[in-house]
Amino acid sequence: SFSFTINDTGKTVQQAAELILSGETGINLPGGPISFAIGAQGRKVGFENIPDGRRQSGANGRDEIEPAIPYTTQGVIAAFGEIALPIANRLNVSAALRYEDYGKNGGSTIDPKISAKFDVTDFLSLRGSYGTSFQAPSIRQVAGTVGNASVNDPPNAGSFNVTVFSSGSNTLESQSASNLNLGVILNTQFGLKMSVDYFTYDYSNLILPEGDPQFIVDEVRAGRLPASRVVRDGAGQLRQVFTQFLNRGDAKAAGLDINLRYTPQWFDSTDISFDGTSTIITKFRSTDFAGLDGRGDLKGSRNFANAFGSVPDFKLNAGVTVERGNHGFNVSGRYIGSYTDDQTRVPIKSQVTIDARYTLSLEKLFGGDGTSLTLGAVNLFNVDPPALTGRPGYDNEVHDIRGRQLYVSLKHKF
């Protein structure tokens, strides 16, 4: 046997300068004074990754070659402005504009945003916003990245840890998006606060990895990708997978965000509050990936065969908090709805986990601005994540394999 020391070097550099001027204009509208903010920003990012010479040459005992990522830089200049217009006592409007220039590898853009809030009554408000956004290829998407992953390899009847090299490209085009948000806010005098927002995102020319490393391996075995996309050692064991960043078409998503809080005045010396939040995905479609229906439906899918990641279409968090004197107790539940593993077409079961937390205020003992002792449990009943057929055996983008976690914390504010 033998051993040797690997000397990899890497560097990430980020520099930024920003100037912001804000205040009131001295002009008044019926709802109050007009305020503004303007500014400019400059950013520069540099990145490199130089593997040990033996890893670059393949003389590292693993029969794999890891390419070097030379020092690559990206510079950005930006200017922006925002204005707040209190049109009336019950109507506020704000508008913003941002200019960014990423140079020859990213181009430039001007993105607007407008938002408004209208108080229909003292307890009911309407809000909405519309804007566009722009994202040039990041420094890592241009230069490339190196990582690791576990993949199944049926010819060798096992799972193996492989090096994943995601190559970058200076020919990537920038991605953009437009988003719309429409919401209703309820704020009653009897302790109920609630908001419901409908959102849409329309993405264009998305920059995404080509696919999960396991997907690349499966496509090579099926003959749909060239054999050069994987590297095997002399014994035929997988060592390396090559993927790349690409522009992968357009996507549209829509859904609802719901937030609720109820604080009833049931007792004079005890405070009780009920909280709930939920996200419901009503639409998620892609022009470049087949999805579950063969026509781009990514909603309710693990999205193993593409780079979007898991999209359960329903999540709910709800809890109750009771506070009396120096004591506070909270119990909350998290529900993740079922969705489909597109790798095997097998449903991934829904999951419910319960967290609990007790807090004792110690201000009278230690003084200061706030001291508390907290005892808590995450996943109190040690619920296992829903199982997957392949590695890693569960969906690590959505669920947590760590099971029950107990913690103690002491916090003091000076």
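Predicted model: local features only at pLDDT ≥ 70, side-chain atom pairs only at ≥ 80, totals over all residues.
Some ground rules. Local features need pLDDT of at least 70, side-chain atom pairs count only at pLDDT 80 or more, and totals for chains, interfaces and linings use all residues. Numbering runs from 1 along each chain as its sequence is written, and side-chain values use heavy atoms, with hydrogens and water left out.

Start with helix H3, residues 213-221. Helices (H or I, at least four residues) and strands (E, at least two) are DSSP runs, numbered from the N terminus. Seven of the nine residues in H3 are buried. Buried means under 20% relative accessible area, exposed over 50%, partly exposed in between, with a 1.4 Å probe and protein chains only. Among the buried ones are Phe 215, Ile 216 and Val 217, but also Gln 214 and Glu 219.

What covers them? The cover includes strands E7 (144-153), E8 (158-167), E12 (230-232) and E13 (238-247).

Now the ends of H3. Asp 212 caps the N-terminal end, with a side-chain oxygen 2.7 Å from the backbone nitrogen of Gln 214. After the helix comes Gly 223, with a positive phi near 85°.

Next, the largest nonpolar core. That term means a set of buried Ala, Val, Leu, Ile, Met, Phe, Trp, Tyr and Cys residues joined through side-chain atoms within 4.5 Å. This core has 13 residues, and those touching the most other members are Val 162, Ile 216, Val 217, Val 230, Leu 238 and Val 241. E7, E8, H3 and E13 each give two or more residues. The largest share, four residues, is from H3. A second, separate core has eleven residues, including Phe 199, Leu 206, Phe 289 and Val 311.

On to aromatics. The whole structure holds ten aromatic pairs. Rings of Phe, Tyr and Trp (its six-membered ring) pair if their centres lie within 6.5 Å; planes under 30 degrees apart are stacked, over 60 edge-to-face, the rest tilted. Take Phe 165 and Phe 242: centres 6.1 Å apart, planes at 65°, so edge-to-face. Phe 165 is in strand E8 and Phe 242 in strand E13, 77 residues apart. Phe 165 has 8% relative accessibility, so it counts as buried. Elsewhere, Phe 199, Tyr 201 and Tyr 203 form one aromatic cluster.

Last, a charge over a ring. The criterion is NZ of Lys or CZ of Arg within 6 Å of the ring centre and within 35 degrees of the ring normal. The charged end of Lys 11 sits over the ring of Tyr 71, 4.7 Å from its centre.

Methods. Contact = heavy atoms within 4.5 Å. Polar contact = N/O pair within 3.5 Å; in protein donor to acceptor, adjacent residues only side chain to side chain.
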